[in-house]
Amino acid sequence: MGGWGPGVFQNDTALDFLGDLVEQVCRTIQKDLSDLQSGDSYSTHRLTVSAVSILAILAKNLPMVAIQLSASEVRVWKQVYFEWFDKTMPDASLDWKEMRRITKKQFDQLIKYASKDNLPNEVES
């Protein structure tokens, strides 16, 4: 199809690149959450939150990213992550409480902007 306008993402190459990037970040989140569930890699959780934050920023600013992301899937990611976090992190530290608050905000932002679930059925396929 090529290009259809002067905008940065008004061409197939740029949209393919952006789509591939979003898929890669989503795969990273899914793998990291799987690792957390299996008890592997304590440090993984920071990468997970960074990846969620990147997707939230992209989805907020680029509708073509928002429509690739499912709020219901992000809710599952959030549930899995916080089940691990609440089981693993110490309760007493204020730093952990602040980290939890900040992390929750990142997931909630991504849920807010993810719009794949809101598309009409004929557009989703």
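A: S115 sits in the loop that runs between α5 and α6 (121–124); helices (H or I, at least four residues) and strands (E, at least two) are DSSP runs, numbered from the N terminus. The model is predicted, so local features need pLDDT of at least 70 and side-chain atom pairs count only at pLDDT 80 or more, while totals for chains, interfaces and linings use all residues. Residues are numbered from 1 along each chain as its sequence is written, and side-chain values use heavy atoms, with hydrogens and water left out.

With a relative accessible area of 18%, S115 is buried; buried means under 20% relative accessible area, exposed over 50%, and partly exposed in between (1.4 Å probe, protein chains only). Apart from neighbours within four places in sequence, S115 is in contact with A66, I67 and L69, where contact means heavy atoms within 4.5 Å.

I111 and L69 are 42 residues apart in sequence, but their C-alpha atoms are 8.7 Å apart in space. At 13% relative accessibility, I111 is buried as well. Once neighbours within four places in sequence are set aside, its contacts are A71, V74, R75 and K78.

Side chains of opposite charge can pair when their charged atoms come close. K78 and D108 form a salt bridge, with their closest N and O atoms 2.5 Å apart; the term covers a side-chain nitrogen of Lys or Arg within 4 Å of a carboxyl oxygen of Asp or Glu. This pair links distant parts of the chain, since K78 is in helix α4 and D108 is in helix α5 (residues 94–113), 30 residues apart. D108 has 26% relative accessibility and is therefore partly exposed.

D108 has another partner in K104, and here the closest N and O atoms are 2.6 Å apart. K104 and D108 are both in helix α5, 4 residues apart, so about one helical turn separates them. K104 is partly exposed, with a relative accessible area of 34%. Together, K78, K104 and D108 are linked in a network of salt bridges.

Another bridge joins R100 and D86, whose side chains meet at 2.8 Å, N to O. R100 belongs to helix α5 and D86 to helix α4, so this pair ties together parts that are 14 residues apart in sequence. Both ends are partly exposed: R100 has a relative accessible area of 28%, and D86 has 42% relative accessibility. The whole structure holds 6 salt bridges, these among them.

A pair of aromatic rings is described by the distance of the centres and the angle of the planes. The structure holds 7 aromatic pairs; rings of Phe, Tyr and Trp (its six-membered ring) pair if their centres lie within 6.5 Å, and planes under 30 degrees apart count as stacked, over 60 as edge-to-face and the rest as tilted. One of them is formed by Y81 and W84, a tilted pair with 5.7 Å from centre to centre and 50 degrees between the planes. Y81 and W84 are 3 residues apart in helix α4, so they are separated by about one helical turn. Y81 is buried at 0% relative accessible area, and W84 is buried at 9%. Y81 and W84 belong to one aromatic cluster with F82, F85 and F107.

The axes of helix α1 (residues 12–37) and helix α4 (residues 71–88) come within 10 Å and cross at roughly 30 degrees. Axes here are lines fitted to C-alpha atoms, for helices over the stretch in contact, and angles run from 0 to 180 degrees between N-to-C directions. The crossing of α1 and α4 is left-handed, meaning that the near helix is turned anticlockwise from the far one by less than a right angle. On the α1 side, the contact is made by C26, I29, Q30, L33, L36 and Q37, and on the α4 side by E73, W77, V80, Y81 and W84. These residues divide into 8 nonpolar, 2 polar and 1 charged; Ala, Val, Leu, Ile, Met, Phe, Trp, Tyr, Cys and Pro count as nonpolar, Asp, Glu, Lys and Arg as charged, and the others, Gly among them, as polar.

As for the chain as a whole, it has 6 helices and 0 strands. Of its 125 residues, 37% count as buried. Among contacts with a separation of 6 or more, 67% involve residues 24 or more positions apart.
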